[in-house]
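Dear colleague,

I am handing over the structure we spoke about, and my notes on what was found in it follow below. Please read them with the structure open beside you.

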Amino acid sequence: MKIGITPTLGLDDFFPRGGPRTRISPGAEESSFWSAAGGGPEGVWHDLPDARWGSWSTLLIVDETAFSQYDGLIDHLRKGLRLPDRAACIALTGRDFHGQRNRPWAARRGNLHLVVHFTPDRPAAEIGHGFTLLPAVACIRAIRSLSGGAVPAEIKWVNDIVVGNRKVGGFLAFTQTQKGIVQDVVLGVGINIESAPDVEPTPFVPAVGCLGGLHPAFTLSALLPALLKELHDLYGTLLAGGFIPLMDAYREYAAVVGRPVRIWRETEDSSADHLRGIPPLARGVVKGIAD
């Protein structure tokens with residue numbers, strides 16, 4: 001695996017000392033990936049075998065970015081430029097990070113801010129839905145396995161990672177398709193580990209929490225490899241068997257199944273006071289999630 005790291009950071013902060021490593025020069029696609037991920041003018045590159053995380057081609061670790069790495073990779077692809085397959089980048093902190101509907105996401109040090117890129121080159125009909133499911137299932141499995149099952153994380157429809165009634169993370173998915181073939185995929189994942197940003201909860205946005213206060217196993221250096229391993233393995237499942245295995249797992253981890261719900265169309269004013277004056281579009285108990 002090719003590791004690119006901001007010169008101000010030490011490789012030993014993320015990888016055990018004494019492991020085999022070779023200083024290398026990046027290729028054209030790796031340099032392009034570094035630029036798209038906000039890595040600045042240069043990085044220190046190493047070759048580091050670490051198959052425990054899965055067969056990732058490239059991992060970038062950037063101290064601070066001036067923009068969202070998720071947006072940077074997408075902008076790069078929309079310009080017709082290429083990025084390496086099975087490539088990942090993390091930012092320790094940065095600006096202009098966001099969640100769904102461009103809701104601001106505070107990038108605090110000690111939390112996880114991960115973006116990955118895949119080039120599946122498969123028909124959208126076979127795998128397209130899977131990239132909404134893949135990061136959700138990967139997050140849940142990484143959190144549950146790292147805590148030995150002590151932290152029962154779930155998915156709040158459609159892309160919130162919750163523990164109890166608190167949101168600890170979320171994810172975004174982008175696919176670029178041509179003539180029915182999925183050529184590029186960018187997944188962005190944010191998980192609060194050491195601190196929970198100040199976010200005002202609404203009927204559509206739950207209260208925010210962090211994993212570090214729930215179990216001592218949760219640190220950035222522990223959760224990153226666990227999540228990368230799950231993403232890699234589930235990507236292989238998706239390519240081999242389509243999206244149905246991931247759909248079954250998503251159903252298993254969905255917090256909404258079996259719960260009474262009310263449904264409103266989200267508006268600019270989504271406060272509880274505003275919604276009290278508007279009848280819901282529907283109400284009832286969620287029986288299941290269709291394909």
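Arg-109 and Asp-63 form a salt bridge, with their closest N and O atoms 2.8 Å apart (a salt bridge being a side-chain nitrogen of Lys or Arg within 4 Å of a carboxyl oxygen of Asp or Glu). Because Arg-109 lies in the loop between β5 and β6 (112-118) and Asp-63 in strand β4 (residues 58-65), the pair ties together parts that are 46 residues apart in sequence; helices (H or I, at least four residues) and strands (E, at least two) are DSSP runs, numbered from the N terminus. Asp-63 is buried, at 18% relative accessible area, whereas Arg-109 is partly exposed, at 45% (buried means under 20% relative accessible area, exposed over 50%, partly exposed in between, with a 1.4 Å probe and protein chains only).

Please bear in mind that this is a predicted model, in which local features need pLDDT of at least 70 and side-chain atom pairs count only at pLDDT 80 or more, while totals for chains, interfaces and linings use all residues. Residues are numbered from 1 along each chain as its sequence is written, and side-chain values use heavy atoms, leaving out hydrogens and water.

The count of salt bridges comes to 11, and a network of them links Lys-156, Asp-160 and Lys-167.

Best wishes
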